[in-house]
Amino acid sequence: MNKKVADVLLRKGSHITTVSPNTTVLEALHIMADQNIGSVMVLEDGHYLGIVTERDYSRKVVLKGKSSTDTTVTEIMSSDLPRVTANDSIDYCMQLMSDKNIRYLPVFDENQVTGILSINDVVKETILSQQETISQLKDYLHSSL
């Protein structure tokens with residue numbers, strides 16, 4: 001049974017942690033640390049602009065010698081990430097993440113952002129799916145004995 005993005009969002013909830021475009025990188029990092037997450041979504045008046053990740057911070061602030069107190073999230077956010085929908089399969093998302101070497105995908109319903117999918121979500125869902133399959137196969141084997 002091929003799981004969909006909708007299944008993941010139902011399991012984990014569709015809460016999105018957001019910041020505004022003029023948020024400093026330092027503020028965004030504090031939010032990520034407080035919530036033990038690796039990314040925040042940048043929204044302006046409810047419109048999606050991009051995602052800021054720990055990787056964006058390490059590569060675009062630290063390595064470039066910028067200041068996390070003077071740099072805003074819009075200067076370092078990833079705005080070109082592929083978009084997925086609730087109906088996309090987890091296999092498709094995994095392939096996309098693997099091909100593009102990314103760890104987060106914004107989830108959309110038309111132009112409205114409805115969630116975020118992380119590589120951890122995809123791995124968890126894949127493991128759960130495999131456990132279900134194993135369990136069904138065991139039941140099948142036992143019923144045929």
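Contact here means heavy atoms within 4.5 Å. By that criterion Ser118 is in contact with Met97, Arg103 and Tyr104, leaving aside its neighbours within four places in sequence. The model is predicted: local features need pLDDT of at least 70, side-chain atom pairs count only at pLDDT 80 or more, and totals for chains, interfaces and linings use all residues. Residues are numbered from 1 along each chain as its sequence is written, and side-chain values use heavy atoms, with hydrogens and water left out.

- Ser118 is found in strand β5; helices (H or I, at least four residues) and strands (E, at least two) are DSSP runs, numbered from the N terminus.
- Ser118 has 14% relative accessibility and therefore counts as buried, where buried means under 20% relative accessible area, exposed over 50% and partly exposed in between (1.4 Å probe, protein chains only).
- Val123 lies in helix α6 and, at 42% relative accessibility, counts as partly exposed.
- Between the C-alpha atoms of Val123 and Phe108, which are 15 residues apart along the chain, the separation is 20 Å.

**Largest pocket**

- A pocket is an open set of points on a 1 Å grid over the protein atoms alone, where a 1.4 Å probe fits, with protein on both sides within 12 Å along at least five of seven lines; lining residues have an atom within 4 Å of a point.
- The largest pocket holds about 690 Å³ of space, the volume being the space filled by probe spheres set on the points, with grid points joined across faces, edges and corners.
- Its lining has 30 residues, and Gly38, Ser39, Arg103, Tyr104 and Ser118 lie nearest the centre.
- Two or more lining residues come from each of β2 (39-44), α3 (54-62), β5 (112-118) and α6 (119-143), and α3 gives the most, with five.
- By residue class the lining of the largest pocket has nine nonpolar, eleven polar and ten charged members; Ala, Val, Leu, Ile, Met, Phe, Trp, Tyr, Cys and Pro count as nonpolar, Asp, Glu, Lys and Arg as charged, and the others, Gly among them, as polar.

- In α1 (residues 5-12), Val5, Val8 and Leu9 are buried.
- Seen down the axis of α1, these buried residues fall within an arc of 95°, so they line one face of the helix; the arc is that of the directions from the helix axis to the C-beta atoms.
- The buried residues of α1 pack against α5 (90-100), β4 (104-109), β5 and α6.
- Ile90, Cys93, Leu96 and Met97 are the buried residues of α5; they cover an arc of only 120° around the axis, which puts them on the same side of α5.
- Ser98 and Asp99 are exposed on the other side of α5.
- Packing partners of the buried residues of α5 are α1, β4, β5 and α6.

**Nonpolar cores**

- A nonpolar core is a set of buried Ala, Val, Leu, Ile, Met, Phe, Trp, Tyr and Cys residues joined through side-chain atoms within 4.5 Å.
- The largest such core has 23 residues, and Val5, Met41, Leu105 and Leu117 have the most contacts inside it.
- At least two residues of this core are supplied by each of α1, β2, β3 (47-53), α5, β4 and β5.
- A second, separate core has eleven residues, including Met32, Val40, Ile76 and Met77.
- Leaving aside its neighbours within four places in sequence, Met41 has contacts that include Ile16, Val19, Tyr48, Ile51, Val113 and Ile116.
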